[in-house]
Amino acid sequence: MSLLTTLARLEAVRSGRAEPLATVRHRHLSERPMVLVPLTAAGESGAPLAVMLGTDRDAPRLHLVPQPLNRTLRFDFLAALAADLLPYLESFGEDVEQIEGSEKDPETGEKTQVFRELCTDAPQLIVPNAAGVHHLALIGRSTRFRRTAEDAEPGPHPAPLRVPLLGRWLTHLTDRAQVPGSSLLLPMTGLLARHWATGQSHLEDQHLAARLAWHFPPPGLTGAQAAELAESERDEHGQLVHPPAGPATDPAFDAGVLAPAIARYDAAVNALQHSTEQGDEAAAEHARAAVRSAVEHLERALRAVLLPTWRDVWQGLDLLRTLPPAGHLEERWTGDRWSYTGHRDRLAAGEPPQPRQDDAVTAARKLAQREREQARLDVQEALDDPLAMAEHRLSGEAFSGVVTEVVLEYDTTGRSPKPRPLVTLRTADRPHADLGREAHRVHGPSAQKARIVAVDPAEGTVTLRVLSGMGRKKEPEPGSLPEPGEPVTFTLFELTVRQSAPLPEPDDTPWTHGGPPGTAPVAGPSATGPSATVAASEDWE
Amino acid sequence: MMSEQPPGAAADAAVARILAATVHPSAGAPRGVVVDSPPGAGKSTLVVRAARELVAAGERLMIVAQTNGQVDDLVGRLAEKAPELTIGRLHAADSRPGPEVLRHANVTPSDKVADLVEQDVVISTSAKWQWVRAEAPWRHAIVDEAYQMRSDALLAVARLFERALFVGDPGQLDPFTVVGTEQWAGLSYDPSSSAVVTMLAHNPQIEPHRLPVSWRLPASAAPLISRAFYPYTPFRSGTGPEDRRLTPAVRPDGSALDAVIDRAAEHGWALLELPARHTVRTDPQAVAAVAATVRRLLERGLTARSEQGEAPLTADRIAVGTAHRDQAAAVRAALLKVGVPVDGTTGPAVTVDTANRLQGREYDVTVVLHPLSGRPDATAFHLETGRLCVLASRHRHACIVVARAGIAELLDEHPSTEPVQLGVPVAFPDGWEANHQVLEHLSGHRVHLR
């Protein structure tokens with residue numbers, strides 16, 4: 001945690017309200033985001049219980065599993081979720097633009113012009129918190145290999161047709177969510193934490209309602225009091241007034257509301273089965289009504305615990321929309337669009353689902369991509385937001401000041417003299433400005449590199465020799481150098497992100513990493529091959 | 001168990017086994033040879049000898065090190081100890097190697113590997129090797145500081161060689177990344193794990209060799225470091241308790257600083273303890289105490305006597321180690337303020353750096369700002385075994401630790417809470433236990449500073 005963030009948190013404690021950490025919004029927000037609030041059943045990892053979703057805050061749709069242990073009902077639920085979510089995800093695949101690029105012929109080395117399709121927009125899923133992202137990843141993992149009736153060997157329990165496809169989309173979205181700065185799938189608590197500091201711990205900040213309490217404390221209450229109320233206030237039945245944002249539910253809700261409602265459903269189903277076996281049509285009719293009523297009862301209970309979080313997520317979106325978008329959002333969203341388009345194309349090409357585990361090369365590639373994107377994100381946030389840059393200035397990795405002097409000097413060691421002017425600036429910052437260190441000018445007319453040649457901490461001056469970004473002529477291009485009196489900022493870190501080194505193709509995986517995938521299985525828990533085999537036996541109902 | 005063999009003979013036998021396995025592998029022998037080396041066990045000497053013998057056997061060879069500093073060190077050492085070798089120093093286009101490397105006649109620098117393929121030995125960083133497109137791969141490679149190398153870097157360079165000697169210190173800092181990698185935890189080829197760990201997982205027939213003797217650590221330090229950080233692979237000091245002596249020329253003035261210096265000179269360890277307090281990372285009082293200690297070390301004109309001879313303790317034989325870069329910067333500024341040189345380009349100067357950058361370096365006396373000093377919490381970063389191990393094992397004579405009181409209580413309040421991942425071997429010792437061991441030993445050499 002940076003010193004500035006710590007300070008903001010301390011200020012939040014004192015003011016009793018959330019304090020800003022950013023002056024602009026650092027994540028893309030879609031015009032039409034899909035808000036999705038999942039709930040999981042206690043006792044079984046990743047067992048879905050219900051989900052509330054929709055793109056209209058006034059029209060949330062609810063899907064639920066009346067008996068979470070029943071696999072048939074779970075897959076009915078997943079089929080309903082797929083039918084609801086897939087049209088949204090697929091709706092962005094039609095509208096494309098053509099992006100010009102060039103492709104090198106591997107034989108002749110000749111470059112040819114090619115056009116690639118890029119979807120003009122992409123879907124965006126907003127879940128309440130990071131645990132929600134993890135839950136979607138679990139659903140993706142448990143469904144993308146399921147066989148359906150369309151498979152050659154559907155097995156004893158074929159899944160509904162579109163469920164594996166849902167699993168592949170969820171896997172793609174949750175995998176993409178690991179890429180720093182990506183915005184296809186975002187947790188609301190993470191979004192808020194990036195932009196505001198509260199006076200509570202990071203763990204407490206994972207509770208969406210408690211977090212929002214710092215933004216909107218009721219009159220007469222501080223943020224801390226309001227947060228505590230949001231976390232712990234219970235009604236006369238012992239139920240939380242503001243249920244947690246899930247996916248795990250409150251144990252008091254499980255015991256006091258959910259378990260009796262599920263028991264009532266089970267009893268109604270048993271009665272229906274019994275009366276059907278007996279051929280008692282009147283009793284069956286009665287039991288069918290009882291089942292319907294039990295499901296409606298469950299719906300009411302689950303809607304009641306989901307709606308507060310649903311509203312919270314939308315309130316969070318409102319809050320984020322009050323911030324102006326950062327300058328580099330468009331660029332990073334284009335990366336998300338490429339990611340979306342790529343997945344669309346892989347589906348269209350009939351490729352198999354994402355493997356259960358990445359192979360060595362894929363894992364290394366993903367890690368390289370994430371590190372690259374993290375570096376890019378850090379730089380872009382600093383460039384977009386003076387508060388983000390202030391963190392770097394405070395840690396001595398950047399400095400801002402006013403130019404006091406510009407002296408034109410030349411490097412005459414080459415054939416023609418090159419301009420190597422000296423720029424002196426006065427700064428109140430205390431950078432780790434070791435002599436000879438490279439510095440990079442922020443918001444210059446072009447990328448400009450300089451070297452620190454003199455530092456006077458007593459006077460607060462730093463002198464730099466400008467090395468580039470002045471054009472190719474003998475004299476620096478007009479406007480390429482800062483003028484005396486002009487405010488400037490330099491960073492001691494590079495403002496462009498380095499390329500990642502090339503990695504071998506998976507088929508060329510070297511002996512140090514086990515050779516090409518599938519050739520030499522390694523003992524241990526990672527011994528699973530890339531092929532996906534469904535567990536041999538499974539309790540189904 | 002420790003053998004009764006004298007340390008020199010035990011070390012020689014280990015080196016002979018390693019060289020035989022590297023230079024003359026038996027038919028069907030695994031393609032990798034791994035050497036685990038505790039701090040100062042002659043790793044660099046081994047690398048030089050292996051390079052000489054491989055070249056003498058008619059091989060050309062590539063060497064992979066992890067940082068430019070390590071590469072330059074190695075080039076300098078090779079050029080000096082093995083003048084018969086021709087050495088290519090492959091460097092990045094925007095970073096020329098240091099002048100002390102280029103003064104050797106047998107070293108050829110270039111940023112293009114094509115200019116160097118004829119050289120007996122080509123040395124570069126793993127970051128640079130990853131970009132090399134070689135038509136004819138080398139048969140042999142030596143990977144230095146291999147435990148510091150990340151698995152994904154090895155993945156990118158392994159195509160360049162057929163066989164490799166991996167040399168490194170398993171007790172030092174693990175490679176790291178700033179992004180989440182939980183998704184690959186437990187995979188044998190987790191790209192964020194160490195290159196050696198991955199390579200051994202895929203080549204289980206390889207038995208790592210060990211260097212059993214630390215020539216750097218004095219008799220006062222080797223048992224503690226071995227017990228705290230290498231509990232299952234013990235090593236010993238190559239020198240006895242009488243072989244190393246630190247003697248000050250100036251009598252103590254009765255201050256806490258002098259008391260701590262005298263303790264360190266006598267026992268090899270000392271703890272300068274400040275009153276308990278939660279502070280910012282760059283705790284001004286602790287930083288000032290570090291700077292004052294270093295200054296006093298220089299003022300008192302210490303003489304370091306060892307098996308290598310007698311030499312005055314000059315600034316370039318002292319290092320200050322910290323956990324964070326901003327702490328190092330603060331110490332550097334504080335040292336400048338009290339008139340201690342910290343810029344090596346203008347003469348002998350004290351080295352001030354983080355644990356990560358001090359890896360593989362050696363000094364007579366080190367002053368360490370304890371990673372947990374003044375902290376309200378003990379995070380995985382600050383508890384990491386390797387960090388403390390690096391900081392506590394750079395010295396030939398003495399190590400002075402500067403810390404706020406209350407670290408033991410802090411440790412007790414923060415047992416490690418990292419989630420257990422399936423398939424990830426549990427690292428022993430854990431940072432919590434190692435920290436307690438070192439602290440307990442230090443508490444016997446404590447001096448209070450008010």
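This is a predicted model: local features need pLDDT of at least 70, side-chain atom pairs count only at pLDDT 80 or more; totals for chains, interfaces and linings use all residues.
**Reading the strands and the interface of chain B**

Colleague: How many strands does the open sheet with parallel pairing have, and in what order do they come?

Modeller: That sheet of chain B has 8 strands, and its order reads E4-E3-E5-E2-E6-E7-E1-E8. Strand E4 (107-110) and strand E8 (209-210) of chain B each have a single partner strand, and therefore one side of each has no neighbour in the sheet. Within the sheet, strand E3 (residues 87-90) and strand E5 (residues 121-125) of chain B run parallel and are joined by 3 bridges; Gly88(B), for instance, has Val122(B) in E5(B) as its bridge partner.

Colleague: Which strands does helix H2 of chain B lie across?

Modeller: Helix H2 (residues 43-56) of chain B lies across strand E1 (32-36), strand E2 (61-65), E5, strand E6 (138-143) and E7 of chain B, and the helix runs at about 155 degrees to E7(B).

Colleague: Turning to the two chains, how much area is buried between chain B and chain A?

Modeller: The size of an interface is often expressed as the accessible area that is lost when the parts come together. For chain B and chain A this buried area is about 2900 Å², with carbon and sulfur atoms giving 64% of it, and the contact takes 38 residues from chain B and 34 residues from chain A.

Colleague: Which side chains meet in a salt bridge, and which element gives the largest share of the side of chain B that touches chain A?

Modeller: The rule finds 1 salt bridge across this interface, in which the side chains of Arg150(B) and Glu371(A) meet at 2.7 Å, N to O, and it also finds 10 residue pairs in polar contact, both residues at pLDDT 80 or more. Among the elements of chain B that give two or more residues to this side are helix H7 (195-202) and helix H11 (325-337), while the largest share, 5 residues, comes from H6(B). By class, this side of chain B has 17 nonpolar, 14 polar and 7 charged residues.

How values were computed:
Residues are numbered from 1 along each chain as its sequence is written. Chains are lettered from A and ligands numbered from 1 in the order in which they are written. Side-chain values use heavy atoms; hydrogens and water are left out. Contact means heavy atoms within 4.5 Å. Buried area is the accessible area (1.4 Å probe) that two parts lose on being put together, summed over both. A salt bridge is a side-chain nitrogen of Lys or Arg within 4 Å of a carboxyl oxygen of Asp or Glu. A polar contact is a pair of N or O atoms within 3.5 Å; within protein, one must be able to donate a hydrogen and the other to accept it, and residues adjacent in sequence count only if both atoms are side-chain atoms. Helices (H or I, at least four residues) and strands (E, at least two) are DSSP runs, numbered from the N terminus. Ala, Val, Leu, Ile, Met, Phe, Trp, Tyr, Cys and Pro count as nonpolar, Asp, Glu, Lys and Arg as charged, and the others, Gly among them, as polar. Two strands pair if DSSP finds at least two bridges between them. Axes are lines fitted to C-alpha atoms, for helices over the stretch in contact, and angles run from 0 to 180 degrees between N-to-C directions.
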